[in-house]
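Visitor: I am new to this structure. Please take me through one part of it closely, and then show me what else stands out.

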Amino acid sequence: MKEYENKLIVEIETIKESFTKLTDNIIKDVNRQNKIMARSDKRQKQEYDELQDKLEEVEALQREIEETQKEVVFTMGAIGESRSKETGNHVKRVADYSRLFALYYGLGEREAELLKQASPMHDIGKVGIPDAVLNKPGRLNEEERAIMDTHAEIGFDMLRMSNRKLLKAAATVAYEHHEKWDGTGYPRGLKEEEIHIYGRITAIADVFDALGSDRCYKKAWPDERIFTLLKEERGKHFDPKLVDIFFEHLDEFLAIRETFKD
């Protein structure tokens, strides 16, 4: 019995020794792996930080490109207006009116901002209209009106080849802001929702501001006369919903006009 117990103790000690060696090896492997992982984590963190720095540089460059693009679009729009003796404040007002219309119409914040940035280009095609027609005092004759009306297509042709989202929106605005809800506008005689919402919004924003401003061919209209015309043109020239938005939020539109008055 004693011999059996001694043998059992020896076996237990052997198992214990083997277990100790095994656990020691496992602990060493774990510690080695932890060191490897620590070095790997450090390297990965460094690579991650470097990647983040590069991404931030790219994002900063993208923001700069977008801001430059917006500035160029606005400046080109202002140049187009200046040829017809209109002020840069006209395009600022139309831009802010357009954003406000877009938001109340139900467009998202990003799209409303896009339209705000694109709308200053609505009359860029006027750079291709002769001064004698563009700045003629008084009413244009039939031939002169036909020439003036080409500015929508000229503007579209100037912008339509760009793949930039902002310039594509500006091309749509330039092309369609003289279309009318009842189909009697130009250049294509589109009607109702055939007209892009950008064109419908810019149309009412531009007309509201133009009527309230002095031009070479007219004096500014009083507000009541402007309001009467907008109501009369509801469902004719203008999208009825946009006319309703205008009068529902009249104080906000008038505040924009006051902020950027000439």
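Guide: Start with the aromatic cluster. Tyr97, Phe101, Phe208, Phe227, Phe246, Phe247 and Phe253 form one such cluster. Keep in mind that this is a predicted model. The count of aromatic pairs comes to ten. Take the pair of tyrosine 97 and phenylalanine 253: their ring centres are 6.1 Å apart and their planes stand at 50°, so the pair is tilted. Stacked would need planes under 30 degrees apart, and edge-to-face over 60. This pair links distant parts of the chain. Tyrosine 97 sits in helix H2, residues 88–105, and phenylalanine 253 in helix H11, residues 250–259. The two are 156 residues apart. Tyrosine 97 is buried, because its relative accessible area is 0%, and buried means under 20%. Phenylalanine 253 is buried too, also with a relative accessible area of 0%.

Now move to the loop between helix H7 (165–176) and helix H8 (197–211), the place of proline 187. The peptide bond from tyrosine 186 to proline 187 is cis, with omega near 10°. Glutamate 192 is found in this loop between H7 and H8 as well. Its phi is positive, about 45°, although glutamate 192 is not a glycine.

Note on methods:
Residues numbered from 1 in each chain as written. Predicted model: local features only at pLDDT ≥ 70, side-chain atom pairs only at ≥ 80, totals over all residues. Heavy atoms only, no water. Helix = DSSP H or I, 4+ residues; strand = E, 2+ residues; numbered from the N terminus. Phe/Tyr/Trp six-rings, centres within 6.5 Å; stacked < 30°, edge-to-face > 60°. Buried < 20%, exposed > 50% of the residue type's maximum accessible area, 1.4 Å probe, protein only.
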